[in-house]
Structures are given as C-alpha cells and as structure tokens.
Amino acid sequence: MKKYIYPANILLPCLVGDSGTRWAVVACDQYTSEKEYWETADSFVGDAPSALRLMLPEAYLDREEEEIPKINASMREYLDGGVLKAYENSMIYLEREQSDGKIRRGLVCAIDLEDYDYKKGSVTVTRATEGTVLERIPPRVAIRRGAEIEMPHIMILIDDPEKTVIEPLAKNAGGYRVAYDFDLMAKSGHAKGYFVDESDFDGINDALGTLCADGVMQKKYGVDAAPLLFAIGDGNHSLASAKALYEEIKAEIGEAAALEHPARFALCEIVNLHDEALEFEPIYRVVFGVDAEKFIGELEKYVDSLDGGAERQELELVWCAGEKKIAVENPISQLAVGTVQAFLDEYVKTHEGVSVDYIHGIDSTKALARRDGAVGILFDGMGKGELFKTVICDGALPRKTFSMGHAADKRFYIECRKIR
C-alpha cells in the first residue's frame with residue numbers, strides 16, 4: 001500500500017501544567033519586528049526546559065553565528081539529560097484551541113521529502129503554495145545542518161471536503177492515550193494531543209490515497225493534472241530547508257544510504273482545508289516612494305495589456321488624493337494578488353527608491369496609503385476553496401498571498417524528532 005504519511009519516533013518532555021506552557025513556543029517566523037515578545041517569552045521560560053532553547057526566532061537572525069552553537073548544545077543537553085522521552089512509532093492527533101476559542105484539528109506525523117518539491121511547476125504530491133525565496137533557505141539550513149533534533153512549525157493542508165482523514169480521529173480520541181494537555185503562553189489558547197492508535201494508521205493512508213486517486217483532480221478542479229495531495233500552508237521555507245539538507249546528505253552518502261537516513265522525513269502537522277477554525281485572510285500591498293498619479297497610470301496600462309483567460313478581477317487603489325477602482329478584464333493569473341505582484345516585481349526593479357510593504361487589514365492599508373508618495377492596493381482575497389486549483393494551474397502562489405489566522409494562533413513547537 002502506498003504511504004503518504006508515516007509515524008515517527010516523537011520526542012516529548014514532561015508536559016504537565018506550567019511545564020507545558022513553558023515548553024511550547026510559537027513558530028520562529030512570528031513577531032519578527034517585535035523583539036519585546038521574545039524577550040517576554042525568555043523571561044517567562046527562565047531556566048525551565050523549553051523549545052525556545054532549541055530554535056532561533058527570526059527576529060534574531062543577525063545573531064545566527066552566536067546562537068546556533070547554543071541551540072545545538074541545548075539539544076544535546078535535553079537528549080542526554082532525560083528531558084526528552086521517545087514515543088516510538090507515533091502519530092499525534094492535536095486539538096488546538098485558538099485565541100478566539102475555536103478548535104483547529106490536526107495530525108502530527110512525518111512526510112517523505114522524496115515526495116516534495118518547492119520549485120514552481122512541481123508535480124509532486126507535496127508542493128509549496130507560495131514562491132520560495134531562495135535567499136531565505138541557507139540560514140535555516142545552517143541551523144538544521146548541525147542539529148540533532150527537528151521541531152515542526154510546518155502546517156500542511158489537505159482538501160478533504162468530506163472530512164475523511166482528520167475528523168474520524170476526533171471521534172476516536174476518547175479511546176486514545178493523552179500525550180499532553182496544557183495552556184499556551186501569551187494567551188495563545190490551549191493544546192491537547194492524543195497518541196493515535198497504530199490500528200488507525202492504514203486507514204488514514206487509505207483516506208489520503210482516495211484524495212489523490214486517478215481522476216480526482218479532474219472531478220474536483222476541472223483539470224487533468226498530476227495529483228496534489230499536500231499543499232504547504234505554513235512553514236514553507238522550513239520544509240524547503242529540510243529538503244535542501246536532505247539533498248546535501250544524499251550527495252554525501254549516496255542515494256541508497258540516504259533513503260534510510262532519518263533526514264529523509266520531516267515532522268509536520270496535517271490540517272483539513274475545510275476545518276471551520278481555519279481562516280484565510282488577504283494580505284494587501286502598499287507601495288512607497290512613488291508619484292501616485294504616474295504609478296496608477298502605469299498599473300492601468302499594464303492591466304489593459306493583459307490577454308489571459310482567467311476570470312475578471314477588480315483592484316481598489318487608495319492614495320492621499322482619493323480612491324478608485326480599476327478592472328482587470330483578461331488577467332493571466334488566477335488571483336488578483338498574482339496580477340498585482342507580477343506588476344510590482346517589475347516596477348520595483350525599474351524605479352529606484354520604490355518599496356512595497358505587505359499589510360493585514362483594510363483600515364491599516366488605507367491609513368498607510370494616505371501618506372505622501374504612497375499607494376495602497378486592495379483586492380478580493382483568495383477563498384480557501386481556490387487554493388488547490390490555483391496551485392495546480394499557476395504553480396506556487398505569489399509570496400504573501402494569504403495568512404492563516406493571527407500570530408497567536410500559528411503552530412507552536414511541541415513535538416521533536418531526531419534527524420541524525
């Protein structure tokens with residue numbers, strides 16, 4: 001039987017009460033401009049065992065050379081000192097209470113990096129949903145290269161409207177052994193995990209196989225294409241870094257040996273796109289350092305030149321002198337954000353001093369756009385139901401296409417796994 005996910009030898013510390021709250025830490029790519037968040041977390045954790053000691057917040061990437069040896073030393077200390085206990089051949093069903101009280105359900109397991117490719121145009125069953133910025137990979141590979149442990153903040157989406165994969169686990173959870181149950185720091189909700197019975201593993205893989213069986217892409221999306229089963233929702237660059245390191249290892253020890261190496265797999269959380277707690281929010285654009293009238297004129301000229309077959313789109317422009325809407329009658333991209341980003345990428349290259357910021361929320365976008373020399377661009381966000389078809393048709397989405405919830409509701413580091 002074809003396997004799409006795998007159990008792992010999951011490492012966990014004692015996660016009772018406050019020890020769990022101090023252990024679990026939000027993903028490293030959150031609060032990148034708010035070092036005070038990380039300073040507060042550091043103070044709260046103190047000397048207690050914590051995932052904070054096993055990761056480098058991106059707010060401190062400039063301290064990479066100093067911090068990586070400390071991270072590696074902490075990993076060794078936690079392994080040798082008995083902080084981490086191995087639960088062999090495990091998958092964990094996770095009920096994550098978000099800061100808004102909604103429960104998001106997921107499955108923590110391993111995926112095969114042989115089945116993943118982040119390059120645009122990939123036809124593997126696991127694909128990136130947004131463009132991968134290659135410059136962001138080396139710092140992450142450097143952290144992973146000397147690490148003995150990985151912790152996932154990778155969240156992978158499946159398009160399962162009939163709820164055949166994750167939701168049956170929720171019904172069975174009453175019979176599962178509890179793995180952990182604790183509040184998350186900084187009022188970020190609650191995490192409760194259950195060890196999935198091994199007897200359920202084959203059924204999960206059977207259900208996943210049905211989602212990518214022959215003819216399913218045509219039936220679901222109206223396209224005859226290679227099956228897409230797993231779309232990366234969060235942690236794209238972390239998974240790309242895991243893949244890059246695995247390819248390094250393969251080059252060093254040979255393909256046959258690499259297939260048996262633990263770095264071939266990556267720990268992640270699988271979430272159903274149709275989970276009611278999972279919400280997509282658009283990320284708007286504000287352009288700075290422009291003559292607003294000239295910028296708008298060039299954008300209008302660009303959209304009028306397009307001769308694609310995607311459905312009509314509408315952009316709303318905001319600047320200090322007013323607002324207007326422009327229609328994109330024949331877009332090439334399936335999404336308005338793709339139309340906008342394609343134009344902006346070329347515009348920034350040819351106009352010195354121009355910059356783009358990526359903004360959550362209409363009010364924030366309009367407030368910034370009222371500044372001199374700025375233009376805000378608003379557009380309809382991508383619905384959850386559009387994700388898989390767009391990735392299949394367009395390849396990886398433009399960067400900063402959508403956000404899955406607020407920072408406090410992102411994945412927290414809890415589970416670990418040895419990769420050496």
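**Pockets, cavities and a buried serine**

The second largest pocket is lined by 25 residues, and those nearest its centre are Lys120, Ala396, Leu397, Pro398 and Arg399. Two elements, helix H11 (336-350) and helix H13 (387-394), each give two or more residues to this lining, with H11 giving the most, five residues. By residue class, the lining of the second largest pocket holds eleven nonpolar, seven polar and seven charged residues (nonpolar: Ala, Val, Leu, Ile, Met, Phe, Trp, Tyr, Cys and Pro; charged: Asp, Glu, Lys and Arg; polar: the others, Gly among them). The volume of the second largest pocket is about 520 Å³.

The model is predicted, with local features requiring pLDDT of at least 70, side-chain atom pairs counted only at pLDDT 80 or more, and totals for chains, interfaces and linings using all residues. Residues are numbered from 1 along each chain as its sequence is written, and side-chain values use heavy atoms, with hydrogens and water left out.

On a 1 Å grid over the protein atoms alone, a pocket is an open set of points with protein on both sides within 12 Å along at least five of seven lines, a cavity is a set where a 1.4 Å probe fits but cannot get out, and lining residues have an atom within 4 Å of a point. Points are joined across faces, edges and corners, and a volume is the space filled by probe spheres set on them. Helices (H or I, at least four residues) and strands (E, at least two) are DSSP runs numbered from the N terminus.

The largest pocket has a volume of about 1,100 Å³. Its lining comprises 39 residues, of which Asp29, Gln30, Ile283, His360 and Lys400 lie nearest the centre. Elements supplying at least two lining residues each include strand S12 (230-234), helix H8 (236-253) and strand S14 (280-288).

Three cavities of 30 Å³ or more are present. Of its 24 lining residues, Ile143, Arg144, Met151, Ser238 and Tyr413 are the closest to its centre. Helix H4 (137-145) provides the largest share of this lining, four residues. The lining of the largest cavity divides into 17 nonpolar, three polar and four charged residues.

Ser50 is found in the loop between helix H2 (35-45) and helix H3 (64-80). Ser50 is buried, with a relative accessible area of 0% (buried: under 20%, 1.4 Å probe, protein chains only). A polar atom of the Ser50 side chain lies 3.0 Å from the backbone nitrogen of Leu52.

Definitions and conventions. Buried means under 20% relative accessible area, exposed over 50%, partly exposed in between (1.4 Å probe, protein chains only). A polar contact is a pair of N or O atoms within 3.5 Å; within protein, one must be able to donate a hydrogen and the other to accept it, and residues adjacent in sequence count only if both atoms are side-chain atoms.
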